[in-house]
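Hi,

Here is the structure I promised to pass on.

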Amino acid sequence: MTDELPQWLDDTERRAWLSLVAVMLVAMPELERTFRPYGIVHVEYGLLATLGDIGDEGMRLSDLAAAMNMSPSRLSHRMRKLVDRGYIEITGSHWDGRVSIANTTDEGRAFGAEIAPSHLRDVRRLVFDNLSPDQTNALADALGTVAVGALAKLSGFTYPGAPQSGRMS
């Protein structure tokens, strides 16, 4: 604990913070409802999307856990349902038998493609339909910078949404 007095938010910072909190409390749960008819939650869709973006080479489970900011046990729990449904397969590495690799199956890619239109409609409705192109650019730059700072501590994590000037490698 420190004896320093808190540095209160100015009006603009307070407005930005309260708006972000409103998005997290209202828009994110609304986005989560997109996935209910499909029997999954947003984080599981995120796993499918992340692995789908990787391509055929798959991803080490330890790297996937780091990329998704999950403990290995939480990742294992979330992956179990996706594996049981045939959307993801886990295999041993050809190079290192101690390593497990996750891949999206053809069924998983088809399932993700089925969900994507609904998800994109909701993302547009809740976020981008309310913004001008200039506001969208400003939001991308601002949140990208915040995300880079917040995620910098995650080992092995690369953030594709980072602003060009602050892109993590």
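Running from the N terminus, the elements go α-α-β-α-α-β-β-α-α, which comes to 6 helices and 3 strands. Keep in mind that this is a predicted model.

Some totals for the chain: of its 169 residues, 29% are buried. The accessible surface is about 11600 Å², and carbon and sulfur atoms account for 56% of that. If you take the contacts between residues at least 6 apart in sequence, 49% of them link residues at least 24 apart.

Just after H4 comes Gly-86, with a positive phi of about 85°.

Which residues of H4 are buried? They are Leu-75, Met-79 and Leu-82. An α-helix has 3.6 residues a turn, so residues three or four places apart point the same way. The cover over the buried residues of H4 includes helices H2 (42-54) and H3 (61-67), along with strands S2 (88-92) and S3 (100-104).

The packing of H2 on H4 has an angle of about 80°, with the axes 10 Å apart. The two helices are therefore roughly perpendicular to each other. On the H2 side the contact uses Val-43, Glu-44, Leu-47, Leu-48 and Leu-51; these meet Arg-74, Leu-75, Arg-78, Met-79, Lys-81 and Leu-82 of H4. By type, that contact has 7 nonpolar, no polar and 4 charged residues.

Cheers

Methods
Residues are numbered from 1 along each chain as its sequence is written. This is a predicted model: local features need pLDDT of at least 70, side-chain atom pairs count only at pLDDT 80 or more; totals for chains, interfaces and linings use all residues. Side-chain values use heavy atoms; hydrogens and water are left out. Buried means under 20% relative accessible area, exposed over 50%, partly exposed in between (1.4 Å probe, protein chains only). Helices (H or I, at least four residues) and strands (E, at least two) are DSSP runs, numbered from the N terminus. Contact means heavy atoms within 4.5 Å. Accessible areas come from the Shrake-Rupley method with a 1.4 Å probe; for residues, only the protein chains shown count as cover. Axes are lines fitted to C-alpha atoms, for helices over the stretch in contact, and angles run from 0 to 180 degrees between N-to-C directions. Angles under 35 degrees count as roughly parallel, over 145 as roughly antiparallel, 65 to 115 as roughly perpendicular and the rest as oblique. Ala, Val, Leu, Ile, Met, Phe, Trp, Tyr, Cys and Pro count as nonpolar, Asp, Glu, Lys and Arg as charged, and the others, Gly among them, as polar.
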